[in-house]
Amino acid sequence: MDKRSQQQQVQHLYWRAGFGATPAVIQKTNKASIRQLVKKLVKDSADFVPLTGAEQPDRRKELRGLVKDGMLDRNELKQQIRRQNEQIRDLNVQWLERMALGEGVVREKLAFFWHNHFACRVRNPAAVQQYVNTIRQHTLGKFGDLLMAVSKEPAMLQFLNNQQNRKNAPNENFAREVMELFTLGRGNYTEHDIKEAARAFTGWGFNAETEFLFRPRQHDDGKKTIFGKTGNFTGEDVIQLLLTRKETAHFIATKLYRFLVDDQPATDSVTTKRLTALTEQFYASGYDIADLIQTILTADWFYDSRYVGNRVKSPVELLVGMQHALTITFPQKQPLVFVQKTLGQVLFYPPNVAGWPSGRNWIDSSSLLFRMKLPDVILKADAVTVRPKEDGDVNTQVLDRKGNGFANVTADWTTFDKPFADVPDAELPDTLAQYLLQQPLGKAQRQLVLQRLKPGETRSEQIKNLTIALMALPEYQLC
């Protein structure tokens with residue numbers, strides 16, 4: 001098997017299990033065995049620290065009623081809605097900065113994966129905070145606990161219309177997505193299973209305090225037949241039935257494999273056998289997520305050269321990776337949201353219940369242009385000439401209006417420079433490239449990077465200009 005150097009393997013691990021690593025961390029850890037590193041990364045992710053700050057908003061319908069009755073000024077209503085939008089923005093930035101911190105990276109990276117798997121989009125900041133904390137809390141535990149907890153989240157129940165799922169008027173949306181997107185995948189259930197599961201989920205709702213609520217009078221307690229089994233099933237019973245199906249283990253193990261290893265569909269017998277083995281292990285372990293992740297990250301095939309540097313960074317991975325590598329500080333929150341919006345991935349605003357696309361779907365002519373311009377925009381406050389994509393959502397439109405504001409962004413160049421103190425000037429471009437790129441620096445790219453250097457520059461200026469030039473290469477978009 002063609003393997004990369006130890007340094008590239010360590011970098012590969014940090015990119016796939018987290019959001020990259022600083023040169024100092026790479027130098028410090030690349031002597032350890034992969035097994036030791038994986039164990040440490042998972043152990044360091046054991047603690048869960050919740051995101052905080054969101055408040056329970058006044059309900060919009062009630063507010064609009066007050067406006068209609070003349071008891072609340074329209075401007076005051078707008079102010080209250082604006083504050084709610086700002087709280088969701090603050091949660092977005094708080095989570096992004098936690099990702100970039102470099103602590104508990106496996107937890108944050110997998111929570112980012114689950115956020116896309118359990119895609120959800122609501123406008124109540126308290127519900128958003130509760131939803132993301134539930135995902136982050138259970139991200140390395142048992143999948144069954146995560147599934148049950150997320151399924152009972154008010155944000156998810158609202159997003160999938162289960163508030164309208166009642167005994168005399170079943171709404172199948174929630175049951176359909178739980179089967180198709182969260183567990184079994186298409187083709188592993190029937191329309192009859194969905195209709196019967198929807199009856200089991202009747203009565204699942206939430207109250208004004210964003211607490212899960214079971215309403216017995218709205219629940220259909222009659223017999224249902226799901227997957228060939230008959231009983232007076234409840235919503236909890238359906239979740240357990242889904243976990244008994246090995247298709248669920250295969251669906252989740254495959255999706256995690258495509259996120260961590262290779263985002264292309266499995267077409268060869270080797271990958272198919274590999275996925276079968278991972279499925280069997282996941283199922284036999286009772287859906288132990290941490291156990292599955294450690295198996296993948298310590299496998300020899302994980303470090304095969306075909307998988308190193310073959311994956312397009314999502315917008316969040318790109319932004320967080322740069323922020324972490326250079327310890328970038330954003331005094332204002334809006335630029336962080338502006339970058340996400342311009343590149344097409346804003347945390348808490350997935351396009352639909354299926355989540356964001358992946359791989360090459362992230363790249364088109366305008367997004368690639370902005371990706372390559374991003375280092376100059378953030379680190380040199382260059383002008384932004386690309387407009388964020390419109391998605392028609394009132395909240396994200398509010399976010400994009402304030403545009404850029406990168407003038408006061410700072411990076412800790414002093415810390416970044418230290419690992420390169422003894423590198424001769426002539427070797428600096430290639431040495432920096434070894435840390436920033438997962439593929440060797442080509443001749444043409446090297447010439448392009450060297451054009452950034454100017455006569456008489458200090459050592460620090462050389463490192464800064466070379467780093468920005470390397471981060472602007474198309475190769476930096478890959479991990």
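Helix H23 (residues 459-471) has 13 residues and spans 18 Å from its first C-alpha to its last, close to the 18 Å expected at 1.5 Å a residue. The expected span is 1.5 Å times one less than the number of residues. Helices (H or I, at least four residues) and strands (E, at least two) are DSSP runs, numbered from the N terminus. The model is predicted: local features need pLDDT of at least 70, side-chain atom pairs count only at pLDDT 80 or more, and totals for chains, interfaces and linings use all residues. Residues are numbered from 1 along each chain as its sequence is written, and side-chain values use heavy atoms, with hydrogens and water left out.

The buried residues of H23 are Gln-462, Ile-463, Asn-465, Leu-466, Thr-467, Ile-468, Ala-469, Leu-470 and Met-471. Buried means under 20% relative accessible area, exposed over 50%, and partly exposed in between (1.4 Å probe, protein chains only). These buried residues pack against helix H16 (315-325), helix H18 (365-380), helix H20 (413-417), helix H21 (428-436) and helix H22 (443-450). Contact here means heavy atoms within 4.5 Å.

Pro-388 lies in the loop between H18 and helix H19 (394-401). Pro-388 counts as buried because its relative accessibility is 5%. Pro-388 and Asp-364 are 24 residues apart in sequence. In space they are 13 Å apart, C-alpha to C-alpha.

Helix H5 (residues 74-101) has 28 residues. H5 reaches 41 Å from its first C-alpha to its last, close to the 40 Å expected at 1.5 Å a residue. Gly-102 follows H5 and has a positive phi, near 85°.

Two packed helices are described by the angle between their axes and the distance between the axes. The axes of helix H7 (residues 125-138) and helix H8 (residues 143-151) come within 9 Å and cross at roughly 175°. H7 is therefore roughly antiparallel to H8. Axes are lines fitted to C-alpha atoms, for helices over the stretch in contact, and angles run from 0 to 180 degrees between N-to-C directions. Angles under 35 degrees count as roughly parallel, over 145 as roughly antiparallel, 65 to 115 as roughly perpendicular and the rest as oblique. H7 contributes Thr-134, Ile-135 and His-138 to the contact. H8 contributes Asp-145, Leu-146, Ala-149 and Val-150. The contact residues divide into four nonpolar, two polar and one charged. Ala, Val, Leu, Ile, Met, Phe, Trp, Tyr, Cys and Pro count as nonpolar, Asp, Glu, Lys and Arg as charged, and the others, Gly among them, as polar.

Leu-147 also belongs to H8. Its relative accessible area is 0%, so Leu-147 is buried. Leaving aside neighbours within four places in sequence, Leu-147 is in contact with Phe-118, Phe-182, Thr-183, Ile-239 and Leu-243. Leu-147 and Lys-229 are 82 residues apart in sequence and 21 Å apart in space, C-alpha to C-alpha.

Most residues other than glycine have a negative phi. Phe-227 is not a glycine, yet its phi is positive, about 55°. Phe-227 sits in the loop between strand S3 (224-226) and strand S4 (229-231). Phe-227 is buried, because its relative accessibility is 17%. Tyr-287 also has a positive phi, near 65°. Tyr-287 is found in the loop between helix H14 (269-284) and helix H15 (289-298). With a relative accessible area of 5%, Tyr-287 is buried.
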